[in-house]
Amino acid sequence: MVAGLSRSSLFSPSFLFGVASSSLQVEGGASEGGRGNGIWNSFASIPGKITDGTTPDVTCDFFHKYEEDILEMKRLGINTYRFSISWPRLFPESSRELNLEGVAFYNNVIDCLVKAGVAPFVTLYHWDLPQYLQDDLEIKGWLRNDIIQHFLVFVDACFTLFGDRVKHWITINEIHMGTVVCCELEMFPPGNSVKGMSDSYVVAHNLLLAHAAAVKLYRTKYQVNQQGSIGMVADVQWYEPLSDIQEDRDAVLRCIEFNMGWILDPVFFGDYPTMMREILGEKLPKFTKEQSEDLKGSMDFLGLNYYFALWVTKAAKIKPLGMHTWLPESQTNLFWVNADGKLLGEAEGPYESAMFRSCPWGLRKVLASLSSRYGNIPIYITENGIKDSVIVRTLDERLNDQWRVKFLQDHIQALSESIREDKVNVKGYFHWSFTDTWEWFSGYAPHFGLYYIDFEDPQLHRTPKASARWFASFLKS
Ligand code: NOJ
């Protein structure tokens, strides 16, 4: 145990500590229990779309192993589990037919969690979209706002069926990252049928409207009786200017507006940031007065997914090393490494891949900037984690993941400083992820778990890593 890092002395007894996952990444059972096809299942079956050529059709097989997993969660000592409900499992063919086998599965999972004393923290949309909603030319997935009425059928069913036991609802996961990686980088489905940057703004706009509509439904029809709360999850990175000059400082401000402001200003203030309106003009959709009113204040809590920090400079100023751009209109370039080869975050440990470096002070800064911009809203860290480097090859190296132990210690420390010193209203922390999982366009190669899974093993046995043991001892402390 790191000196001074004890759960009971740093966090209140009501603070939630959990692990996070999503249906597509852990469930498997892709065509079992009446589940319909989802956009990720189709996308993954197209050669070349997923780095290692795998599909999420079996992945961790949580579909069959949920009891075993929940028992292990109880042993780990967490008091909450974030997971998502698969839309194609509940409505496999159309929004008119509810799949009762899917309902039974989630009832079993939720009952099992409640019995284990692990509170279900449920995401309604974690990118697992039924294929028929993408294929229907009247809807075209998130490109048309007609999808919202279908989303409402799905979420209404979830609130009715599970709201007696689920007290925390997340409408949508990571609108910023999901939209940019789908529309700009085309690495998420539907890939090349959504082209061009203005699509990013339309897709995000429809997701925001869907969020507001789901919240309105929950608040008017369910909240008084069910006594739960509802929010949204945003990914927010920390941005550092590559140099001290004004141009780089201005680039940081643009990054903040195009990441945090783009998604969160509408839900707090009812509209996009002024800077985005000035830069984008007609490309940025407009909210009607009523939509804006519905959006404003449409969160009981904010979910934050924080992973890393990035260097920022004005676009195309120098040839970037490992450049990454979120949105070209922000006229910024993002870097993992600066011109002197300096990495943001710790290089310690076998992290060869530049992404997902450990930068705990970035978490503290993101939390401080969220609370100064949006006030004292309760915040849950709904995801935070690190993957194994590609140079970790042996099983021993994977299991003895001292870098993940240090990552956890440093981030929990930073979090406790945010709460105690910066007075940020953080209510919980979820580590990504419980077990190794299937990771979107990369497949099985990135290992994020506290528990190791050999995906070649037919039994998909779970083995605790050093990080799981450290987390368990911290949770008891
Ligand atoms: C955020 C996403 O919500 C999650 O699904 C993903 O696996 C992690 N980032 C790690 O990339």
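Buried means under 20% relative accessible area, exposed over 50%, and partly exposed in between, with a 1.4 Å probe and only protein chains as cover. By that rule Asp128 is buried, at 3% relative accessibility. This is a predicted model, so local features need pLDDT of at least 70 and side-chain atom pairs count only at pLDDT 80 or more, while totals for chains, interfaces and linings use all residues. Residues are numbered from 1 along each chain as its sequence is written, and side-chain values use heavy atoms, with hydrogens and water left out.

Stay with Asp128. It sits in the loop between strand 3 (119-125) and helix 7 (131-135). Helices (H or I, at least four residues) and strands (E, at least two) are DSSP runs, numbered from the N terminus. The side chain of Asp128 makes a polar contact with the side chain of Arg35, at 3.1 Å. A polar contact is a pair of N or O atoms within 3.5 Å; within protein, one must be able to donate a hydrogen and the other to accept it, and residues adjacent in sequence count only if both atoms are side-chain atoms.

Ser84 is another buried residue, with a relative accessible area of 2%. Ser84 lies in strand 2 (residues 80-84). A polar atom of its side chain is 2.7 Å from the backbone nitrogen of Ser23.

Now the ligand. Ala, Val, Leu, Ile, Met, Phe, Trp, Tyr, Cys and Pro count as nonpolar, Asp, Glu, Lys and Arg as charged, and the others, Gly among them, as polar.

An N or O atom in the side chain of Gln25 is 2.7 Å from a ligand oxygen. For a polar side-chain atom of Asn173 the distance to a ligand oxygen is 2.9 Å. For Trp432 it is 3.4 Å, again from a polar side-chain atom to a ligand oxygen. Taken alone, the ligand exposes 300 Å², and the protein buries 94% of that. Accessible areas come from the Shrake-Rupley method with a 1.4 Å probe; for residues, only the protein chains shown count as cover.

A cis peptide bond joins Trp432 to Ser433, with omega about 15°. Most residues other than glycine have a negative phi, and most peptide bonds are trans. Ser433 is in the loop between strand 12 and strand 13. Ser442 is found in the loop between strand 12 (426-431) and strand 13 (451-453). Ser442 counts as buried, at 16% relative accessibility.

Positive phi values also turn up. Asp61 has a phi near 60° and is not a glycine. Asp61 lies in the loop between helix 3 and helix 4 (62-76), and it is buried at 14% relative accessibility. Lys423 also has a positive phi, of about 60°. Lys423 is in the loop between helix 16 (402-420) and strand 12, but it is exposed, at 62% relative accessibility.

A search of the whole structure finds 6 cavities of 30 Å³ or more. On a 1 Å grid over the protein atoms alone, a cavity is a set of points where a 1.4 Å probe fits but cannot get out; lining residues have an atom within 4 Å of a point. Points are joined across faces, edges and corners, and a volume is the space filled by probe spheres set on them. The largest cavity holds about 230 Å³. Of its 23 lining residues, the closest to the centre are Tyr125, Trp142, Cys182, Pro189 and Val203. The lining has 16 nonpolar, 5 polar and 2 charged residues.

Which element gives the most to this lining? Helix 9 does, with 4 residues. Helix 9 is mostly covered, with 9 of its 10 residues buried. Among them are His176, Met177 and Cys182. After helix 9 comes Glu186, with a positive phi near 55°.

Helix 17 (residues 466-476) is mostly covered too, with 8 of its 11 residues buried. These include Trp470, Phe471 and Phe474.

Note on methods: 1 Å grid on protein atoms, 1.4 Å probe; cavity = no way out; pocket = protein on both sides within 12 Å on 5 of 7 lines; lining within 4 Å.
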